[in-house]
Amino acid sequence: MNNKNINLNRSDLEIYLKKRFPTLSTNQIKSALDEIFDSIVYAVAKGERVEIRNFGVFSAKKISPRKFVNPKTKEVSYLSETTTLHFKPSKNLMSKIWVRD
């Protein structure tokens, strides 16, 4: 099994899509990615769940309020409830990622 970490960032995705769809301009690809990402963020911000078949689900996850103690000053502070973006990969995606040797 290869443990080498491979990161795919936005520019890598743009290059891949340009090779896959050579008739599209770079600006069209960038605009399409902007629309996709913005629509996911907007929907999740409204409290909706975004499911992309064979890829995964994006949703908002609430983190309950909690207290913490500053280890240096021993001062007790409180954090209010926060919301984060949560992604759960599909079984199909996980089976492609976790290929066993």
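Predicted model: local features only at pLDDT ≥ 70, side-chain atom pairs only at ≥ 80, totals over all residues.
Residues are numbered from 1 along each chain as its sequence is written, and side-chain values use heavy atoms, without hydrogens and water. Local features need pLDDT of at least 70 and side-chain atom pairs pLDDT 80 or more, while totals for chains, interfaces and linings use all residues.

**Hairpin**
- Strands E3 (residues 66-69) and E4 (residues 76-79) pair in the antiparallel sense over 4 bridges; pairing takes at least two DSSP bridges.
- Helices (H or I, at least four residues) and strands (E, at least two) are DSSP runs, numbered from the N terminus.
- Lysine 67 stands opposite tyrosine 78 in E4.
- Between E3 and E4 lie 6 residues, and lysine 74 in the turn has a positive phi of about 60°.

**Largest pocket**
- The largest pocket holds about 360 Å³ of space, a volume being the space filled by probe spheres set on grid points joined across faces, edges and corners.
- A pocket is an open set of points on a 1 Å grid over the protein atoms alone, where a 1.4 Å probe fits, with protein on both sides within 12 Å along at least five of seven lines; lining residues have an atom within 4 Å of a point.
- Of its 13 lining residues, Leu13, Ile36, Phe37, Ile52 and Phe55 are the closest to the centre.
- Helix H2 (26-45) and helix H1 (10-20) each give two or more residues to the lining, and H2 gives the most, with 6.

**Serine 59**
- Serine 59 lies in strand E2 (residues 56-63).
- Serine 59 counts as buried because its relative accessibility is 19%, the cut-off being under 20% with a 1.4 Å probe and protein chains only.
- Beyond four places in sequence, serine 59 touches Val44, Arg49, Thr84, Leu85 and His86 (heavy atoms within 4.5 Å).

How values were computed
Buried < 20%, exposed > 50% of the residue type's maximum accessible area, 1.4 Å probe, protein only.
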